[in-house]
Structures are given as structure tokens and as C-alpha cells.
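Here are my notes for your review. Please read them with the model open.

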Amino acid sequence: MSGHHISSAKFLWGIGAALFVLTFFTVAASWVHFPEPWNIVVAVAIAVVKAAIVAAFFMNLYWDTKFNLMLPVMSVVFFILLIGITLLDTLYRDNPVPSF
């Protein structure tokens with residue numbers, strides 16, 4: 001790395017304001033009635049956007065080397081892969097014996 005990036009206070013306050021607005025959207029989405037699976041999908045989507053903003057700008061991954069960006073991205077991909085394999089196992093099981 002040749003140098004460090006220093007963010008201005010105005011930029012960081014703008015990122016903080018964006019996170020506050022997204023938090024407001026999360027609370028507002030909890031008051032809106034979405035169909036059953038979509039309420040969680042909307043909440044998780046907003047949380048993923050907020051986490052990406054924090055990782056990119058507060059952890060300086062946006063200005064860092066691409067290798068350091070690859071590490072959190074690959075860990076998220078691996079986590080999704082493990083959850084997907086688990087869901088493939090649990091969602092397609094036969095029903096248990098009715099007497100239990």
C-alpha cells in the first residue's frame with residue numbers, strides 16, 4: 001500500500017446521515033404490512049446495504065487493495081453457501097411419523 005486515505009468530516013457525516021436514513025427505512029418497513037416472506041427480505045436487504053456502507057467507508061475497504069476487499073466478500077459467499085446447503089437438507093425432508 002502506498003498511502004492511507006483520510007476521509008473528510010463532511011463525507012463521514014454524510015455516510016452517518018445515510019445510515020440514519022436507512023435505519024428510519026428499517027423502522028418504517030416494520031410498520032408496513034408486507035406478505036409473509038417479504039417482511040424479512042426487506043429488513044435483511046436494508047441491513048445488508050447498511051453493512052456494505054459501513055464496511056466500504058468506515059472500514060476503508062473502498063480505498064484499500066482488492067485483496068482486502070475479497071476477504072469479507074468471500075466470507076459472505078461462503079456463509080451463504082453453508083446456509084444454502086443446510087436449507088437443501090432441511091427443506092426437502094419427509095414429514096416425521098405422525099405419532100411423534
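1. Start with Phe11. Its relative accessibility is 31%, so Phe11 counts as partly exposed. The classes are buried under 20% relative accessible area, exposed over 50%, and partly exposed in between, with a 1.4 Å probe and protein chains only. This is a predicted model: local features need pLDDT of at least 70, side-chain atom pairs count only at pLDDT 80 or more, and totals for chains, interfaces and linings use all residues. Residues are numbered from 1 along each chain as its sequence is written, and side-chain values use heavy atoms, with hydrogens and water left out.

2. Next, the aromatic pairs. The structure holds six of them. Phe11 and Phe57 have ring centres 5.4 Å apart and planes at 75°, so this pair is edge-to-face. Rings of Phe, Tyr and Trp (its six-membered ring) pair if their centres lie within 6.5 Å; planes under 30 degrees apart count as stacked, over 60 as edge-to-face and the rest as tilted.

3. What does that pair tie together? Phe11 lies in helix α1 (residues 9-31) and Phe57 in helix α2 (residues 36-58), so the pair ties together parts that are 46 residues apart in sequence. Phe57 also pairs with Tyr62: the ring centres are 5.5 Å apart and the planes at 45°, so this pair is tilted. Tyr62 counts as exposed, because its relative accessibility is 52%. Ring pairs link Phe11, Phe57, Tyr62 and Trp63 into a cluster.

4. Ala51 lies in helix α2. Its relative accessibility is 45%, so Ala51 counts as partly exposed. The C-alpha atoms of Ala51 and Leu19 are separated by 9.3 Å, and the two residues are 32 apart along the chain.

5. On the fold: the protein has three helices and zero strands. From the N terminus the order is α-α-α. Helices (H or I, at least four residues) and strands (E, at least two) are DSSP runs, numbered from the N terminus.

6. On overall shape: the radius of gyration is 19 Å, whereas a compact globule of 100 residues would be near 13 Å. That radius is taken over C-alpha atoms, and the globule rule is 2.2 Å times the number of residues to the power 0.38. The C-alpha trace spans about 65 × 35 × 15 Å along its principal axes. Buried residues make up 11% of the 100 residues.

7. On contacts (heavy atoms within 4.5 Å): of those with a separation of 6 or more, 68% join residues 24 or more positions apart.
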